[in-house]
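Subject: Structure handover

Hello,

Below is the structure I said I would pass on. My notes on what was found in it follow directly after.

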Amino acid sequence: MGEVNVAVIAPILGRDLSFVSDVDPRVRVFDANFAAPGHRTGSGGAAAPGSDLADILAHAEVLLVGYPVPEGLVTRSPRLVWAHHTQAGVSNLARTDLWASQVTLTSSRGAVAATAIAEYALAAAAHFARGLHEAARQKAAGQFTREGYRMLTLRGATMGIIGLGGIGREVARLSRAAGMRVIGTRRSVTAPLPDADGADLVLPADRILDVAAESDFLVICSQLTDETQRFINAPVFAAMKPDAVLINVARGEEVDEDALVDAVTAGRIRGAVLDVYAGELAGQPPRPELTRLPQILLTPHISASGEANMAGPLRQLFADNLRRYLDGQPLLNVVDRSRGY
């Protein structure tokens with residue numbers, strides 16, 4: 001393989017693009033970070049073949065792209081063979097011309113701040129288990145009483161995890177370290193598996209109601225696909241314990257928010273901690289109930305924040321894949337469009 005042109009539109013990885021150019025002398029990297037909304041051009045790449053994005057994309061064989069994804073990339077990139085996305089989920093790519101193209105897509109599954117996100121999930125569970133939710137409610141109401149606290153220790157409680165991928169397995173690891181029993185689902189599993197994927201029990205994906213029924217805390221870690229659209233729905237909430245809490249660190253569209261609001265207001269579940277909401281990636285505001293109801297804690301998609309070196313694993317994954325590409329080896333994390341991840 002001869003010279004390979006790599007275009008980078010991923011400001012999250014920083015201005016120094018030597019992690020790309022240092023992979024191999026055959027690599028020429030072009031800094032197109034100026035094309036990402038809200039960012040200016042950096043100085044880490046070579047001078048572009050021309051003076052604008054169109055010139056860069058016209059020469060690009062490989063694309064490293066973050067979120068949000070610019071429109072019309074394939075149309076403007078006639079030589080594009082492979083595009084790597086800096087996010088673990090690729091649901092937002094389905095809205096772009098990359099999805100319908102023949103370009104090979106890879107994701108950053110397993111490299112996106114899994115420990116930070118897992119800590120968020122465990123903190124969300126502790127928020128309700130150790131009464132911090134009630135303390136916040138009383139403070140807002142100008143109250144101070146021991147009444148209303150329904151305390152639970154994490155040790156001995158059951159953490160249910162929907163989607164035991166990279167993030168789900170890290171949630172399982174931290175939950176077990178806290179003394180919790182862990183059960184979960186995985187799409188590739190066809191029969192119950194004890195002591196697998198870091199969990200005490202792994203069930204097939206169609207056993208979600210069984211997981212919901214046993215869980216004190218139910219964490220959504222699955223990828224957004226056609227199958228998972230609004231699949232956390234009224235039957236799931238009906239199966240959950242009255243004191244159970246929903247925690248979503250995946251995508252808002254995986255939860256039927258009408259059913260969630262109904263379940264919370266009717267007291268069918270204790271509450272929810274959401275780092276995402278439906279319509280977020282399209283730039284829509286959250287529905288009012290998610291910010292108004294005291295039983296729901298909503299954060300602005302920040303569960304991955306705080307990682308000391310968040311960009312490091314992302315850079316390393318892309319560099320490893322670029323070496324594979326140059327050597328003609330199979331790429332890591334190739335997206336299966338039929339599955340949606």
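The buried residues of α5 are covered by parts of the chain that include α3, β6 (158-162), β7 (181-186) and β10. Contact here means heavy atoms within 4.5 Å, and buried means under 20% relative accessible area, with exposed over 50% and partly exposed in between (1.4 Å probe, protein chains only). Helices (H or I, at least four residues) and strands (E, at least two) are DSSP runs, numbered from the N terminus.

This is a predicted model, in which local features need pLDDT of at least 70 and side-chain atom pairs count only at pLDDT 80 or more, while totals for chains, interfaces and linings use all residues. Residues are numbered from 1 along each chain as its sequence is written, and side-chain values use heavy atoms, with hydrogens and water left out.

Helix α5 covers residues 166-177, 12 residues in total. From its first C-alpha to its last it reaches 17 Å, close to the 16 Å expected at 1.5 Å a residue; the expected span is 1.5 Å times one less than the number of residues. The buried residues in α5 are I167, G168, E170, V171, A172, L174 and S175. After α5 comes G179, with a positive phi near 90 degrees.

Leaving aside residues up to four places away in sequence, V219 touches A121, M159, G160, I161, I162, V171, I247 and V249.

- Y67 and P68 are joined by a cis peptide bond, with omega about -5 degrees. P68 sits in the loop between β3 (62-65) and β4 (82-85).
- A113 is not a glycine, yet its phi is positive, about 45 degrees. A113 is in the loop between β5 (104-106) and α3 (114-129), and counts as buried because its relative accessibility is 7%.
- R230, also a residue other than glycine, has a positive phi near 55 degrees. R230 is in the loop between β10 (217-220) and α7 (234-239), and at 42% relative accessibility R230 counts as partly exposed.

Regards
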